[in-house]
Amino acid sequence: MSKLIALTPFRDEEHMLPIYFKNVIPIADEIILMNDNSSDKSLEVIDKFSKDNSGTKITVYHQEERDVTEPGWPEGNIREKLFDIGRDHGATHFLNLDADETFSTNFLQNGREKIEQLSPGQIMWFSWVHI
């Protein structure tokens, strides 16, 4: 049996998280988020969706404190931590999205099925569409 886990880092994505959840909850069995020192109401939005969703488990981990004014973003480190956590949670498949990324409506119709057809080690790559 497959277990699809969405892995998502975020910082100050209060305005994008409702759209993210609307499109990821129907596909994912679980959502694991990494808070990279948010200062907005992102955690309140996540808490609301955690209580109101249709059974998809949502867990938030917190990136260690760092000076967010320093140039650069430790994306590789954060993604690596998310993959380790996802493996610990028993994932067989991963969705690796940012909080401000989402799927098109036509992908949502059969996206879960397409993802489950992937062989171990295979990836699905999407083009970015800027609106």
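Reader: What share of the 131 residues in the protein chain is buried?
Author: Buried residues account for 40% of them. Buried here means under 20% relative accessible area, with exposed over 50% and partly exposed in between, using a 1.4 Å probe on protein chains only.

Reader: Where do these values come from?
Author: The model is predicted, so local features need pLDDT of at least 70 and side-chain atom pairs count only at pLDDT 80 or more, while totals for chains, interfaces and linings use all residues. Residues are numbered from 1 along each chain as its sequence is written, and side-chain values use heavy atoms, leaving out hydrogens and water.

Reader: How many helices and strands are there?
Author: The protein chain has 4 helices and 4 strands. These are DSSP runs numbered from the N terminus: H or I of at least four residues for helices, E of at least two for strands.

Reader: And in what order do the elements run?
Author: From the N terminus on, the order is β-α-β-α-β-α-β-α.

Reader: Why is β2 described as largely enclosed?
Author: In β2, 6 of the 6 residues are buried, so the strand is largely enclosed by the rest of the structure.

Reader: Which residues lie on each side of β2?
Author: One side carries E30, I32 and M34, and the other carries I31, L33 and N35. Both faces are covered, with all of these residues buried.

Reader: How do β1 and β2 run, parallel or antiparallel?
Author: Strand β1, residues 4-10, runs parallel to β2, and 6 bridges join them. Pairing requires DSSP to find at least two bridges between two strands. Within this arrangement, P9 stands opposite M34 in β2.

Reader: Turning to α1, which of its residues are buried?
Author: The buried residues of α1 are L17, Y20, F21, N23 and V24.

Reader: What do they pack against?
Author: They pack against β1, β2, α2, β3 (57-62), β4 and α4. Contact means heavy atoms within 4.5 Å.

Reader: Across the chain, what percentage of contacts between residues at least 6 apart in sequence join residues at least 24 apart?
Author: Among those contacts in the protein chain, 78% do.

Reader: One more topic: where does S38 lie?
Author: S38 is in the loop between β2 (30-35) and α2 (42-52).

Reader: What is S38 in contact with, leaving aside its neighbours within four places in sequence?
Author: S38 is then in contact with F10, R11 and D12. Its side chain reaches the backbone nitrogen of D12 at 2.8 Å.

Terms used. A polar contact is a pair of N or O atoms within 3.5 Å; within protein, one must be able to donate a hydrogen and the other to accept it, and residues adjacent in sequence count only if both atoms are side-chain atoms.
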